[in-house]
Amino acid sequence: MSDLQSQDYIRRSASTMTPPSARSHEDEVAKLIDVSRCIGCKACQSACMEWNDLRQEVGHFEGSYQNPNDLSPSVWTLMKFAEYENEQGNLEWLIRKDGCMHCEDPGCLKACPAPGAIVQYANGIVDFISDKCIGCGYCVKGCPFDIPRISKTDHKSYKCTLCSDRVTVGLEPACVKACPTGAIMFGTKADMKHQAEERIVDLKSRGFDKAGLYDPAEVGGTHVMYVLHHADKPSLYSGLPDKPGISPMVEAWKGVMKPLALAGIALATVVGFFHYMIKGPNEVTEADEAEGERVLDETEKTP
Amino acid sequence: MALTRREFIKFTGLGLAASSLGMLGFGAAGEAQAAAVRPFKLTHATETRNTCTYCSVACGLLIYSMGDRAKNARSNIIHIEGDPDHPVNRGTLCPKGAALLDVVHAPTRLKAPRYRPPGGTDFKEVSWDFALDRIARLMKDDRDKNFIAKNVAGTTVNRWTSVGMLAASASSSETAYLTWKVVRSLGMVVFDNQARV
């Protein structure tokens, strides 16, 4: 495992320069969340807040077991509770641990205008480098999963780091360690996919024909994957996107528009320069001077 | 300072040029790459094994405290997580266990015995000596009054049924053994050592 320095960057926000990624022999890590084994105890939430020294203010009951009600700068992971009545008319309680998916193709990083505020390491973790964050909120717009939240305290964006400080020293993330049912697993991406396959075979043998792995190709795969019993309908799980994608606005502005705008600015500069060389500066003529005097006189006369 | 319009525009332009150079990276030239990842906070913390205080499942804990127990350093618990070598939980914890740090540092945590005299309205902190003496006194009085040495048939039973005891739920076998011995030797029959099992 690496020690996650700049040498481990494979991508850096708002930088045209590709990081050198000097360390190329790193295993990609992944977190596998097996929704079918989750009992909704929220140990992951507790462990996350404890490890990251965050405490959310006590809120109000909103009619759901979901608590707190939403992600926030101090709630990086949240159990989302959905009640679903299946075709047989039975209630299924679908509980999903929500949080950053650590996309292979991160929308937040693409949208970010602050150089180096969002980075992606060779092991797959997408991390926010807070001291470079300018709090503009573009990452919120860029995220296909609606994860980052801007802090009202220091006006910076926060989300799950996949415990990069623990992974750096060879530990698993805090939520993974705490999970008492083994619904959250951590390892290399290859191992996690293998683990998921075994679980899916098991789920299918128990009548969940549509069981499958959620590792959406639309964002290049993710480093947080789900085993879902209804993999054909991810949106059942508190609005997990069926087809997650980076907003076309972000793609347009940060993709096509960026070189076009740069070319436009360069063109304006060049045209301005040549205009100055050929036509020279704008000079005040005698007639202009006289007209100016006349207007001035008139203004002074009127009370 | 008196500025003509032309001078004002010149200075503004100069300022703009300077800040543009800064933005191009000349200002930060040579600045070392700041450490990106939050430093691991347990590198030299003291690791202590213990058992979770909550339920009778008795999960193993690793308690991390700052300081290396040097003479001049005062320890303080900074983090608690599951003990991966403990056969009961193998590193996992429930939400309450995972939030134990806040139990340790809770402002409402009971740290000394408290006493509310009969008819009193408020609890006040008392010494352990006072508390233990008072408990012993009351136990002795009650036992003397309600002890049943023989049942109706005349068989020796040595029962003390008017007082019960709840002991710690997350006790080790040794603690449970000792508690059992003490309580049973008094003849107490109402007794629970594992609150939730």
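Of the 197 residues in chain B, 11% count as buried, where buried means that 20 or more other C-beta atoms, placed from the backbone, lie within 10 Å of the residue's own. Keep in mind that this is a predicted model, in which local features need pLDDT of at least 70, side-chain atom pairs count only at pLDDT 80 or more, and totals for chains, interfaces and linings use all residues. Residues are numbered from 1 along each chain as its sequence is written, while chains are lettered from A and ligands numbered from 1 in the order in which they are written.

Let's walk along chain B. It holds five helices and eight strands, arranged along the sequence as α-β-β-β-α-α-β-β-α-β-β-α-β. These elements are DSSP runs numbered from the N terminus, with helices being H or I of at least four residues and strands E of at least two. Two residues are in contact if their C-beta atoms, placed from the backbone, lie within 7 Å. Among chain B contacts between residues at least 6 apart in sequence, 37% join residues at least 24 apart.

Now turn to where the chains meet. Chain B brings 17 residues to the contact and chain A brings 23. On the chain B side, strand S3 (76-82) and helix H2 (95-98) each supply at least two residues. That side divides into eleven nonpolar, four polar and two charged residues; Ala, Val, Leu, Ile, Met, Phe, Trp, Tyr, Cys and Pro count as nonpolar, Asp, Glu, Lys and Arg as charged, and the others, Gly among them, as polar.

Finally, a stop in chain A: Ala190(A) lies in helix H6 (residues 189-205). Ala190(A) counts as exposed because it has 11 C-beta neighbours inside 10 Å, and exposed means 12 or fewer. Its C-alpha atom is separated by 17 Å from that of Tyr121(A), 69 residues apart along the chain.
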